[in-house]
Amino acid sequence: MVKVIIDDIEVEVEPGTTILNAARKIGGDIVPPAMCYYSKLQGSGGKCRTCLVEVAAGSATDPRPMPKLVASCSTPVNDGMVVKNKTSQRVYDNRAAVTEFLLINHPLDCPVCDQAGECHLQDLGFEHGKERTRYEEKRRTFDPIDIGDKIKLHMNRCILCYRCVYTANQLTDQRVHGVMHRGDHAEISTYIEKAIDNDFSGNVIDVCPVGALTDKTFRFKSRVWFLKPMEASCECTKCAGKAVIWMFGDEIYRVTGRKDKYGEIEDIDGKTAWICNECRFDKKDKSMWKIEGPRVINRHSVISQNQYIADDQIESKKLTGK
Amino acid sequence: MGRKLLLEHANVPGIETFEVYRKNGGYRSVEKALKTMSPQNVMEEVQASGLRGRGGAGFPTGMKWSFLAKPEGVPRYLLCNADESEPGTFKDRYLMEKIPHLLVEGMIVSSYALGCNQSYIYIRGEYMWVLEIVEKAIAEAYSNGFLGKNILGSGYDLDLAICPGGGAYICGEETALIESLEGKRGNPRIKPPFPAVKGLWGCPTVVNNVESIATIVPIVNDGGAEYAKIGIGKSTGTKLISACGNLAKPGVYEIELGLSVEEFIYSDEWCGGIANGKKIKACVPGGSSVPVLPANLITKTAEGADRLMTYESLAEGGFATGSMLGSGGFIVFDEDQCIVRNTWNFARFYAHESCGQCSPCREGTGWMEKVLRRIEHGQGHMHDIDLLAEINKKIEGNTICPLGDAAAWPVAAAIRHFREEFEWHVTHPDEAVKRNFGIASSHMPLI
């Protein structure tokens with residue numbers, strides 16, 4: 001085990017753990033935000049640069065600080081490393097700059113975006129954004145396209161985190177979408193608009209940190225904070241059947257995977273509980289699900305605000321991570 | 001006239017063929033290395049030579065080689081980076097076009113030193129005709145027993161293949177080059193792990209520039225200590241400089257490091273001064289990604305010392321008053337050239353070539369390009385100049401690969417040294433559109 005100090009809090013982790021995961025072990029608000037890193041997807045991370053942290057001391061044997069800010073999601077810890085995240089003004093400034101970069105070509109159409117309320121970019125903008133943009137140029141725009149009959153791609157909102165590409169690579173048989181072009185005209189696209197046809201393709205919606213990939217069965221139906229998230233399960237031959245159903249009255253508006261506070265699908269019985277397209281898009285009737293109880297969404301979100309649930313219960317749920 | 005180690009025989013007729021190259025002392029280093037030296041000996045010679053990577057970063061080649069992990073039973077690879085795409089740099093093209101066998105010879109000796117049995121030359125997609133020349137040289141080396149199984153009866157096997165890229169600047173970054181060679185999209189990898197540990201197909205890999213590899217040949221022939229005698233301090237040996245811009249005699253020159261910049265620009269032996277009797281306004285001494293130097297800092301450093309063509313002297317004064325030797329793409333601007341337009345041109349290049357993987361580079365290069373285009377076209381505001389300075393500060397150091405830095409440095413330096421010219425573009429929008437040149441640096445004397 002190696003000892004790391006993050007924002008003056010000491011933690012012991014396995015050698016080879018990344019700074020971000022060490023910070024997640026401590027938890028709370030010292031955890032750097034991550035837009036592209038997704039612990040369940042191999043190879044993800046390093047791209048969005050929002051998780052940059054300052055390394056004040058490299059290790060116990062070589063206590064020199066690292067000259068550049070490092071991406072905490074892809075930098076492994078050393079014994080005796082001292083990391084500054086919240087306590088560093090330099091980190092805050094650079095993270096604010098990255099937020100600005102992410103937002104210059106973003107349409108800021110939160111009022112009509114289905115992701116609003118559970119959008120990582122919205123959170124990041126709230127924490128680091130400026131009230132005015134300095135960007136006076138024309139924003140880069142694309143037409144929304146259909147990826148299959150159930151998924152809509154709004155490339156304008158995309159921040160090119162590559163999560164959906166990794167999801168398609170690692171969860172489905174054949175990836176038919178990917179990143180085309182370079183630089184600020186790079187785009188996620190299916191090759192010649194080929195539809196994604198695979199049982200697990202819908203998970204690209206769950207991993208998308210912004211509103212670029214949305215569920216066509218739910219689009220424009222409701223704002224997420226008007227819905228009741230309930231943990232529910234069903235008998236499914238393709239997936240574990242553990243999902244969150246989002247209800248309004250007795251009606252199911254949408255089905256998603258069970259995401260933890262970092263927006264990542266939870267592990268259930270040691271396996272990541274990705275859900276299949278049938279559960280996600282077709283099981284919209286209450287009789288198809290066994291409701292287990294209310295779902296606490298605690299990722300600085302407005303969604304859980306109106307839930308009738310005792311405070312101590314929320315606390316215990318947080319502690320068990322469920 | 002300085003010593004020539006690489007281009008000594010460049011103008012011998014037929015040097016691109018095996019026979020003529022061999023008659024002029026070619027492939028001696030292969031014979032010497034394979035018959036009389038161990039791989040360790042070759043490595044020691046290279047370390048003794050003090051050779052610094054000629055691709056731009058100037059990292060000592062011998063040290064880079066020593067980092068190569070050597071686990072048992074895992075192949076190692078040597079990749080030659082011939083993806084020379086930096087604006088202003090065209091030395092590798094000249095070398096490969098004129099004496100392709102020098103590169104092949106260098107590849108054989110270097111592969112032997114590193115213990116590689118399969119090596120690749122990754123060549124830029126736009127250099128298709130050069131690819132044919134090098135391919136022919138490789139075929140000749142095979143048929144004469146310098147490549148293939150059991151080279152010169154030494155028991156050492158080496159296969160050399162050449163692979164064209166798709167014409168992306170980013171594939172000159174070593175991990176992007178590896179990705180591209182593997183058949184993937186040329187996105188730089190996140191480091192660590194470095195290629196020396198996990199490179200091509202997960203195996204230890206060394207990536208070297210064409211010129212670095214070609215330089216191994218004279219180092220092995222004459223010995224590393226002999227090579228180290230040329231040059232000054234830590235800048236040893238000779239360097240190819242591709243001089244271009246408003247020079248009387250632009251072209252590729254082989255110089256001994258330590259030559260003074262003044263002599264290089266003005267001596268008839270080298271560039272012969274500025275074309276058409278004009279005065280020099282600015283100089284980019286190491287390819288488009290290094291900071292531009294204004295007239296008063298080209299031949300003298302800020303302290304008044306003579307500036308020399310060495311890694312150290314050109315960097316003297318840091319980024320405030322210095323620059324870098326980089327890849328040796330020496331671009332000179334005369335008094336009629338517009339720095340704003342030129343900076344916009346560079347920014348446009350980097351915005352186009354950014355791979356789009358990490359946010360600061362993807363969005364920042366595009367943003368800088370758009371702001372500079374506005375200023376150049378007479379639609380800029382005063383606050384745009386500070387905005388540019390702010391953007392490039394936030395790109396620098398926050399990206400996955402050095403492309404972000406390369407895009408930020410020239411813009412930062414142009415604003416630092418030629419702020420008045422940017423301001424002139426803002427205050428004189430009509431003239432800025434009509435005239436294709438700047439205000440010829442009113443605040444500093446021209447040389």
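Author: The crossing of α14(B) and α15(B) is left-handed, a crossing being left-handed if the near helix is turned anticlockwise from the far one by less than a right angle, and right-handed if clockwise. The model is a predicted one, in which local features need pLDDT of at least 70, side-chain atom pairs count only at pLDDT 80 or more, and totals for chains, interfaces and linings use all residues. Residues are numbered from 1 along each chain as its sequence is written, while chains are lettered from A and ligands numbered from 1 in the order in which they are written.

Helix α14 covers residues 339-353 of chain B and helix α15 covers residues 359-376 of chain B; helices (H or I, at least four residues) and strands (E, at least two) are DSSP runs numbered from the N terminus. The two helices pack at an angle of about 155°, with their axes 8 Å apart. Axes are lines fitted to C-alpha atoms, for helices over the stretch in contact, and angles run from 0 to 180 degrees between N-to-C directions. The angle therefore makes α14(B) roughly antiparallel to α15(B) (under 35 degrees counts as roughly parallel, over 145 as roughly antiparallel, 65 to 115 as roughly perpendicular and the rest as oblique).

Among the residues that α14(B) brings to this contact are B:Val340, B:Trp344 and B:Tyr350, and those of α15(B) include B:Met368, B:Leu372 and B:Ile375. Two residues are in contact if their C-beta atoms, placed from the backbone, lie within 7 Å. By class, the contact of α14(B) with α15(B) has eight nonpolar, three polar and five charged residues. Here Ala, Val, Leu, Ile, Met, Phe, Trp, Tyr, Cys and Pro count as nonpolar, Asp, Glu, Lys and Arg as charged, and the others, Gly among them, as polar.

Both helices also take part in the contact between the chains, to which chain B gives 24 residues and chain A gives 25 residues. On the side of chain B that touches chain A, α14, α15 and α16 (382-395) of chain B each supply at least two residues. The most comes from α15(B), with nine residues. By class, this side of chain B has eight nonpolar, ten polar and six charged residues.

Elsewhere in chain B, four strands form an open sheet in the order β3-β2-β1-β4, with parallel pairing (two strands pair if DSSP finds at least two bridges between them). Strands β3 (159-164) and β4 (205-209) of chain B stand at the edges, each with a single partner strand, so one side of each is left without a neighbour in the sheet.
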